[in-house]
Amino acid sequence: MSFCAFIGKQAPSILARLVLALALQPVWSATFTLPADGSTVVGQIRKVEATHQNTLLDIGRHFDLGYAEMEGANPGMSVWTPHGDVVVPTQFILPPKPWSGIVVNIPQRRLFFFPKARHGQPAQVITYPISIAQPGWSTPLGTSKIIAKFKDPAWFVPKSIQAQHAREDGTPFPDYFPPGPDNPMGMLAMQTGLPGIYIHGTNHPWGVGLRTSHGCMHLYPEDAAQLFPLVSRGTPVTILNQPVVTGHLADEWMIAIFPPVAEYPDQPPLNDLVASALSNLPLPPPQIAMTRVAARLRQPGPIAVPLDINQPEPETTLEDITVEAYPFQPYDTNANTAQAPAGSPPATP
C-alpha cells in the first residue's frame, strides 16, 4: 500500500526566495486559548459581506477555512460568484481529550495542534483546514508521531500514483518532482510514523478542504510555514474518524455532523453514531431538540447546532450575527502554487 511516499532529498532552501505578493493580509490559522471553564468549543461564527471580486475560496483562505467548510456553511451560494452575506464558520468543537500534539479528525477536515504551554502562559490550540484522501487512499487511523521534517522536499512519485493518473487522465505523470513551487509535496513536509503519510503543504492550495490526497494531509502553504517550526520530532499524532462530534460552551451543548468517509471499515451508520453521541450527554432526552439534529443529519456541515431545545434556533442565531465588511482584494491568479504568501512566518527546522 503506497500513499504520499517521497524521499526527502533536500536542495538548498529556496523558501525565502519564493514569495507571493498578495494584496491582502491573510489570517494564518485560528489560534485560541483553551477555555478555563472546561468548555470544549472555541471561536465564533462570523459573517462578511461578499463583494463581486472575491470567491468563497478567497474568503475562506483569508479566515483559514477550507473549501468544504465554506461551501457547507453557505449552501446554495455560488463558490465563484458569491453574493450577500457569507457565513464564516470559525467556531470549532475540539477533539476529545487528551489534548496533546497533533490531532486530526478526518471527516471534520481539520488538524488541531496543542502546543506545550509555556511557563505562566495559558494553554492554546491552533487549528488548520486540511485536504483529506481521495476515495480508495484512506489515511490510516490511530496514533503515531512526527519522525522527520523536510524543507524543500523532492518527491519521487510512487508507481501506484503514476498508474492512477494514467487510468484517469490518460497521460503520463512525472516520476519525480524537484523542490520548488510546482512540487505537490509543497515547500515543507512533516513525516509521521505511519508508512508514507506526511503532513505537508501543497501546490494546489485551492483544493484544501477537499479529497485530493493519496493519504497525506495537505495544508495551505502559509499554514505549513507556521506549523513547521512549532512541531518537533517526537510530537504525537492522533488521527480520528469522527463524523459526529459534540461539545459544550459553558452550559450550552452542541453537535456537529460531517459527511462520513465511507470507505473506513466497520463504521456504524450515521444515525447510530448520533444516537450514541446523544446518549452520552447530560441533557435529558425531552430537552434535546431532535428536529435540529434531524435537519443536520439531512445536511451535514461545519456549523455546530445547539442541542438544548431552550436555546435559540440556529437560523435565528445566524441572523443576529453582525455582518462585517470584507475590504480585502482577492488572491492573485498565481496563488495556486506551493509558495507561501508574502509575510507568512518563516520556517525553521
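The second largest pocket of this predicted model has a volume of about 400 Å³, where a pocket is an open set of points on a 1 Å grid over the protein atoms alone, with protein on both sides within 12 Å along at least five of seven lines. Among the 21 residues lining the second largest pocket, P75, R296, Q299, E315 and L318 are the closest to its centre; a lining residue has an atom within 4 Å of a point. Since this is a predicted model, local features need pLDDT of at least 70 and side-chain atom pairs count only at pLDDT 80 or more, while totals for chains, interfaces and linings use all residues. Residues are numbered from 1 along each chain as its sequence is written, and side-chain values use heavy atoms, with hydrogens and water left out.

**Pockets**

- Helix 2 (67-73), strand 5 (85-88), helix 6 (290-298) and helix 7 (314-319) each give at least two residues to the lining of the second largest pocket; helices (H or I, at least four residues) and strands (E, at least two) are DSSP runs, numbered from the N terminus.
- Helix 7 contributes the most to the lining of the second largest pocket, with 4 residues.
- The lining of the second largest pocket has 11 nonpolar, 4 polar and 6 charged residues, with Ala, Val, Leu, Ile, Met, Phe, Trp, Tyr, Cys and Pro counted as nonpolar, Asp, Glu, Lys and Arg as charged, and the others, Gly among them, as polar.
- The largest pocket has a volume of about 500 Å³, a volume being the space filled by probe spheres set on grid points that are joined across faces, edges and corners.
- The largest pocket is lined by 21 residues, and F113, F114, P115, K116 and A117 are the closest to its centre.
- Strand 8, strand 9 (124-129) and helix 4 (221-230) each supply at least two residues of the lining of the largest pocket.
- By class, the lining of the largest pocket divides into 11 nonpolar, 8 polar and 2 charged residues.

**Cavities**

- The whole structure has 4 cavities of 30 Å³ or more, a cavity being a set of grid points where a 1.4 Å probe fits but cannot get out.
- The largest cavity holds about 70 Å³ of space, and its lining includes E69, F92, R110 and F258.
- Strand 6 gives the largest share of the lining of the largest cavity, 3 residues.
- In the lining of the largest cavity, 8 residues are nonpolar, 2 are polar and 2 are charged.

**Salt bridges**

- There are 5 salt bridges in the structure, each a side-chain nitrogen of Lys or Arg within 4 Å of a carboxyl oxygen of Asp or Glu.
- R110 and E69, both named above in the lining of the largest cavity, form a salt bridge whose closest N and O atoms are 2.8 Å apart.
- This pair links distant parts of the chain, with R110 in strand 8 and E69 in helix 2, 41 residues apart.
- R110 is buried at a relative accessible area of 0%, and E69 is buried at 8%; buried means under 20% relative accessible area, exposed over 50%, and partly exposed in between (1.4 Å probe, protein chains only).
- R46 forms a salt bridge with E324, with the closest N and O atoms 2.8 Å apart.
- R46 in strand 4 (residues 46-49) and E324 in strand 22 (residues 323-324) are 278 residues apart, so the pair links distant parts of the chain.
- R46 is partly exposed at 28% relative accessibility, and E324 is partly exposed with a relative accessible area of 28%.
- E313 and R292 meet in a salt bridge through their side chains (3.3 Å, N to O).
- E313 lies in the loop between strand 21 (305-306) and helix 7, and R292 in helix 6, so this pair ties together parts that are 21 residues apart in sequence.
- E313 is partly exposed at 37% relative accessibility, whereas R292 is buried at 5%.

**Aromatic rings and charges**

- The structure holds 5 aromatic pairs, counted when rings of Phe, Tyr and Trp (its six-membered ring) have centres within 6.5 Å; planes under 30 degrees apart are stacked, over 60 edge-to-face, and the rest tilted.
- W99 and F114 make a stacked pair, 5.7 Å centre to centre with 0 degrees between the planes.
- F114 is buried, with a relative accessible area of 5%.
- The charged end of K97 sits over the ring of W99, 4.7 Å from its centre, which requires NZ of Lys or CZ of Arg within 6 Å of the ring centre and within 35 degrees of the ring normal.
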